[in-house]
Amino acid sequence: MTSGNGMADIDLASIKTIDGLDVAGKRVLVRADLNVPVEDGAVADATRIERVLPTIEALRKAGAKVVLMSHFGRPKGERSPETSLKPVATKLAELLGADVTFLDDCIGPDVEAGIASLKDGDVVLLENLRYHAGETKNDIGFAKQLAALGDIYVDDAFSCAHRAHASVEAIARLMPAYAGMAMMAEINALSAALENPKRPVMAVVGGAKVSTKIEVLTNLAQRMDMIVVGGGMANTFLFADGIDVGKSLCEPDFVDTVKEITEKAKASGCEIVLPVDVVVAKSLAEDVETSVCGVDEIPDDALALDQGPKSVELLIEKLEGAHTILWNGPLGAFEIAPFGAATFALATEAGARTKAGKLISVAGGGDTVRALNMAGAADNFTYISTAGGAFLEWLAGEQLPGVAVLADCATPPQSAVA
């Protein structure tokens with residue numbers, strides 16, 4: 001079923017979902033990603049918890065005993081109050097509007113007893129999986145201990161799918177395995193943008209350094225119709241074209257890499273879109289004096305910190321000809337005004353075109369999501385991924401163990417677990 005050559009080799013259609021699955025009276029182990037920011041003992045951002053709520057609610061409504069498991073931080077097998085999921089249980093109960101029992105381990109007799117006392121529709125959250133070294137080692141023994149706690153396994157943690165960990169990969173080979181609703185939403189969105197996109201498809205790839213996104217750029221150059229290069233990365237592309245970028249962030253050591261990516265794009269008929277003008281300043285700071293110049297006129301003592309108005313016009317013109325946009329990384333140093341103007345302008349236009357039914361828009365990565373929120377455009381996008389590493393690895397054409405195993409493992413037909 002899989003040949004190790006990336007997500008395109010996986011039969012995503014073979015993945016079983018929880019839709020219509022008979023779970024009444026059954027213990028359903030749900031792998032969620034509840035690794036959320038906690039400040040002063042309270043959850044500071046509940047986005048990842050909110051993503052898994054539809055799966056939890058569907059299973060509860062169908063009469064399942066829901067057993068949630070997640071990692072939290074990097075405790076490296078050591079227990080500490082800072083890496084406990086207890087505050088997450090409190091927030092989860094608040095969002096669900098129902099009691100959530102918290103168990104202070106994820107395996108063992110006490111946990112088994114706690115789960116045995118559950119009634120249909122009850123929810124329990126297990127303590128941090130990474131308190132056990134077997135989790136990150138994908139240890140089959142640890143996976144068997146987890147599997148003993150449930151009758152059915154549901155993976156609803158796409159953001160962990162790039163990790164071959166026991167609660168993600170090994171466990172799915174031990175029991176009937178299904179994808180949760182958030183997992184399927186992510187798979188469907190990325191498939192729509194990457195595996196079988198409505199063309200023409202535009203990728204926006206931004207960020208500080210080419211060196212961090214070589215695989216992403218190389219893969220997309222062979223699959224997209226155009227790639228908009230933004231952020232500091234654009235400076236390295238311009239430098240490779242023989243343009244002096246002044247004091248701008250640039251990676252001269254990666255010029256050959258950039259040329260290889262450009263050649264691959266040319267061979268595939270993919271257009272690389274670079275800025276034609278930039279916003280420059282002497283330093284990256286608020287209220288600094290700025291000016292706009294052509295890319296071939298960057299002063300020796302200046303930094304290019306955003307794409308200029310002519311570049312934005314060009315991008316919006318290109319966007320009008322696209323049916324799909326896949327976005328990872330900002331066009332400029334958006335966190336500091338006024339260097340977010342290009343990112344916000346393109347985000348607003350992409351959001352408006354999506355809302356009008358003219359565009360499929362998929363975006364992911366922490367900076368990207370933050371920028372789209374700042375632009376007020378995130379709600380108009382077709383799909384916003386919170387996955388981070390897994391999102392990037394899919395863009396790079398890597399095979400994700402957590403997705404591959406759901407497609408690959410011999411899951412019994414639904415009637416067999418009904």
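Me: In which loop is the place of D287?
Reply: This is a predicted model. D287 is found in the loop between β12 (277-281) and β13 (290-294).

Me: Is K76 buried or exposed, and where is its place?
Reply: K76 is exposed, with a relative accessible area of 74%. Its place is in the loop between β4 and α2. The phi of K76 is near 50°, a positive value in a residue other than glycine.

Me: Let us turn to peptide bonds. Is the bond from R199 to P200 cis or trans?
Reply: As a general rule, most peptide bonds are trans. The bond from R199 to P200 is cis, with omega near 0°. P200 lies in the loop between α5 (181-195) and β9 (201-205). A further case is the peptide bond from A337 to P338, which is cis with omega near 5°. P338 belongs to the loop between β15 (324-328) and α10 (341-355).

Me: How do I read a pair of helices, and at what angle do α1 and α2 pack?
Reply: One reads the angle, the distance between axes, the handedness and then the residues that meet. Helix α1 (residues 47-61) and helix α2 (residues 86-96) pack at about 60°, and their axes are 11 Å apart. The two helices are therefore oblique to each other, and their crossing is right-handed. On the α1 side, I49, E50, L53, I56 and E57 take part, meeting V88, K91, L92, L95 and L96 in α2. By class, the residues of this contact are seven nonpolar, no polar and three charged.

Me: Which residues of α2 are buried, and against what do they pack?
Reply: The buried residues of α2 are P87, V88, A89, L92 and L96. Besides α1, their packing partners are the strands β2 (38-39), β3 (42-43), β4 (65-69), β5 (100-103) and β6 (123-126).

Me: How do α6 and α8 cross, and which residues meet?
Reply: The axes of helix α6 (residues 214-221) and helix α8 (residues 255-268) come within 8 Å and cross at roughly 20°. An angle under 35 degrees counts as roughly parallel, so α6 and α8 are roughly parallel to each other. Their crossing is left-handed. I214, L217, T218 and A221 in α6 meet T257, I261, K264, A265 and S268 in α8. This contact has five nonpolar, three polar and one charged residues.

Me: Finally, how many helices and strands does the protein chain have, and what is its radius of gyration?
Reply: The secondary structure comes to 13 helices and 17 strands. The radius of gyration is 23 Å, close to the 22 Å that the globule rule gives for 418 residues, so the chain is as compact as a globular protein of that length. Along its principal axes the C-alpha trace spans about 70 × 45 × 40 Å. Of the 418 residues, 55% count as buried. Among contacts with a separation of 6 or more, 76% are between residues 24 or more positions apart.

Definitions and conventions:
Residues are numbered from 1 along each chain as its sequence is written. This is a predicted model: local features need pLDDT of at least 70, side-chain atom pairs count only at pLDDT 80 or more; totals for chains, interfaces and linings use all residues. Side-chain values use heavy atoms; hydrogens and water are left out. Axes are lines fitted to C-alpha atoms, for helices over the stretch in contact, and angles run from 0 to 180 degrees between N-to-C directions. Helices (H or I, at least four residues) and strands (E, at least two) are DSSP runs, numbered from the N terminus. Angles under 35 degrees count as roughly parallel, over 145 as roughly antiparallel, 65 to 115 as roughly perpendicular and the rest as oblique. A crossing is left-handed if the near helix is turned anticlockwise from the far one by less than a right angle, and right-handed if clockwise. Contact means heavy atoms within 4.5 Å. Ala, Val, Leu, Ile, Met, Phe, Trp, Tyr, Cys and Pro count as nonpolar, Asp, Glu, Lys and Arg as charged, and the others, Gly among them, as polar. The radius of gyration is taken over C-alpha atoms; the globule rule is 2.2 Å times the number of residues to the power 0.38. Buried means under 20% relative accessible area, exposed over 50%, partly exposed in between (1.4 Å probe, protein chains only).
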